[in-house]
Each structure stands twice: as C-alpha cells, then as structure tokens.
Amino acid sequence: MDQERKDFENVSVTEGGQEIAANDFDSLTAEQPAVIENDFGYTPKLTAEQIVKSGKVNIFREMWKNKLAYLFLLPLMIGVVVFCYYPPLMAIYRSFTDWGMNPTDSTIHWVGFQNYATLFQDQTFLGSIGNMFYMQIPKLIIGIFAPLIMAELLYWVKNKRLSSLYRILVLLPIITPGVVNVLIWTYVFQSNGLLNAVLSIFCIESNVSWLNEAPLAIPAIIFMGFPWIGGTSVLIYVSGLMNIPNEIIEAARLDGAKTMKIIWKLHIPSIMGQIRYFLVFGIIGAFQDYGIQVVFSSGSSVQADILNEVLMVPGFYMYQKAFTLSPTQPAFACAIGTVIFLTVIIITIITFKAFNAAKFNLD
C-alpha cells in the first residue's frame, strides 16, 4: 500500500503549468487526471474517462452531452407519462374522493376509504369475483396448453413446406377483429344457430339459447374460440422448441428416449419461460377482460338478467359504474379499478416467485 501511495503521489496533475482542482470536471479532457476519494483514505489521480466509468460525474451533465438523443425520446416519454402513468395514478387518487358521486355538487371531497368499504359490501361486486374465476381459470388453462399441443405437432412436422403452411394457417385467425369473432359465436349459440343445427344432424333436437341459460352461459363463453390455437401463441412456443439443440434430441434418442419422454424431460423445461409468460399475461388478461360483456350489452342476444348476474365480472361492473348505470359513480369505479390493479400486482409477484423458470434446466 505504501508503494501504491508513492506511485500516486508521483503523478503530476497540471494544465498549462496550473494544477487542476479535484472537482473541476469541466476543465478535464479524457487524458487529464483528476483527484477523487478512494478506499485507501488518500486521493489517487484518475482521468476523466475513469471518473465517468466510476459514476462520479453528475448524471445531468451526462444527459446534456447526449441531449440530441434525449430530445428525440422526449415526445415518446411525454406520451407515456400523460397516457399511461397519469390516468391510473389519478384514478387511485380519485378513488379516495366523492368525485361524481353527487350530481348536484361538482366539488370533489376527500372521503378516505369509504368507497372501498362500500365496495366490499356490494353483493354484485363480490358475486362478480366468483364469476370471473369460474370463467377465466378454464380459459387460462386452455390458453396455455392448447397452443402448446399445436406447437408440439408443428415441431415434429419434418416437411418444411407443410410446416410453413401450417404456421401461416395458425396466424390467419388474428386477421379477424375480436368483436367480429364474438358476434359470430353469438350466432352459433342462438336457439336457431349453428350449434343446434349440428346437433340436429345427430338426431339431437335442441332449441336452447345457450347464452340465455344460466347453467350454460359461462361454459358457452369458455367454448368461444375453439380450437383455441389461432394467433401468435403457437409460434412463440415453436420458437422456443426450435432453440433446443438437435444434438440433445439425438442424444436422447440414442439413450432410448421415446417421443413423450423427450417432450416431458426436454421440451417442457426448455419452454418454461414461455409458459410463465402466458401464465402471467393470462392472469392479467383475466382480470381485465370484459370485452365480451360489452358486446353483449350493445345487442339483444343476451338477456339483461343473465348479463348482470351470471356473466358479471369486476371489469364490466367497473365499466357500468363509470359509464352506463344511472347515476354514474366514477369514484366508485376508480376504487374497483384500484382493487383490480393491486390484485394483479400481488398475484403477478407471487407467480414469479412460485413459478421460477430458472429451476428447470436440461441437466
């Protein structure tokens, strides 16, 4: 350490015969040394480049040096803040007020947790939670495993032309807008719709309006989208499978592993990252999904009592409170949205903790 101290002390720090101050970063070039504190208790000489690498230079000075890049990013960042961060933060704040709750008084008053207390005593909201789980858990499971099965089938297709054709066919359904899909399936489930017509071919006479029968409405919605393989999910799985080295598959074959064992022992661990991705985003989508109910509410194909009881979910209840029910209760809707937001965050964190893809490997 004494030798190091002596070496540092022998370094001259001059510019035009004048010693440079330790904190005078503006006068430094990349080759000129400066003085900063270190762990030895004395002040070695460092160049400006070393100071930048050590993080000692003011961050705003570094931003100013790259001001053109930040200028190009500024419109994007403003848009993100205004349209992505400001609305939810304001909604959380408004959930603690009586915003819009009194039609005769436009003044906003702070009410604390009153909206939340009312919310957790609201039977419609509490019932909608059960409906959501009943509806979304099967859809979540199907959304993870149906594309996985199709991806495995595509993976084992050896003909490249056929494989490419099947991938194109898998992607084609995403061309159709989601609202159109819902309207098509609504026709399928009508009393004079396609499903009853198909059943009549097998001598099963049925005039059931599937979406207007309480025990059948949610199973009918779960069945929407059959066979559940259209879109990019299949291709995401296929890309993960294609990343598995062929040498590993060939080695497993030489060891006598059959197809199902290769899938279970090699394929599944290799695509655990993709499975976790679909699980997390499936959970988020489950809490946010109420598009089908909005489409149903704009027509007469589904009875109001079925829609407001059997098919009611928290997101649709929030939508009604904010826009359609009279009188509207936007602060109450903000409370529902905040509860959904916090629930999604908690479940997502738990999922990442419990569903750790790192523990699945090919060793």
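Visitor: How many cavities of 30 Å³ or more does the structure hold?

Guide: On a 1 Å grid over the protein atoms alone, a cavity is a set of points where a 1.4 Å probe fits but cannot get out. Grid points are joined across faces, edges and corners, and a volume is the space filled by probe spheres set on the points. The structure holds 1 cavity of 30 Å³ or more. This is a predicted model, in which local features need pLDDT of at least 70 and side-chain atom pairs count only at pLDDT 80 or more, while totals for chains, interfaces and linings use all residues. Residues are numbered from 1 along each chain as its sequence is written, and side-chain values use heavy atoms, with hydrogens and water left out.

Visitor: What volume does the largest cavity have, and which residues line it?

Guide: Lining residues have an atom within 4 Å of a point. The largest cavity has a volume of about 30 Å³, and its lining consists of Met135, Gln136, Lys139, Asp289, Ile292, Gln293 and Val313. Helices (H or I, at least four residues) are DSSP runs, numbered from the N terminus. Helix H6 (123–155) and helix H15 (291–297) are the elements that give two or more residues to this lining; H6 gives the most, with 3 residues.

Visitor: How does the lining of the largest cavity divide by class?

Guide: Ala, Val, Leu, Ile, Met, Phe, Trp, Tyr, Cys and Pro count as nonpolar, Asp, Glu, Lys and Arg as charged, and the others, Gly among them, as polar. The lining of the largest cavity has 3 nonpolar, 2 polar and 2 charged residues.

Visitor: Which residues lie nearest the centre of the largest pocket?

Guide: A pocket is an open set of points with protein on both sides within 12 Å along at least five of seven lines. The largest pocket has a volume of about 1300 Å³. Of its 36 lining residues, Lys139, Met224, Gly225, Trp228 and Gly230 lie nearest the centre. H6 supplies the largest share of this lining, 7 residues. By class there are 22 nonpolar, 12 polar and 2 charged residues.

Visitor: Which helix gives the most to the lining of the second largest pocket?

Guide: H18 does, with 8 residues. Helix H4 (67–94), H14, helix H17 (314–324) and helix H18 (330–354) each supply at least two residues of that lining. The second largest pocket holds about 500 Å³ of space and is lined by 20 residues, with Met318, Gly337, Thr338, Ile340 and Phe341 nearest its centre. Its lining has 16 nonpolar, 4 polar and no charged residues.
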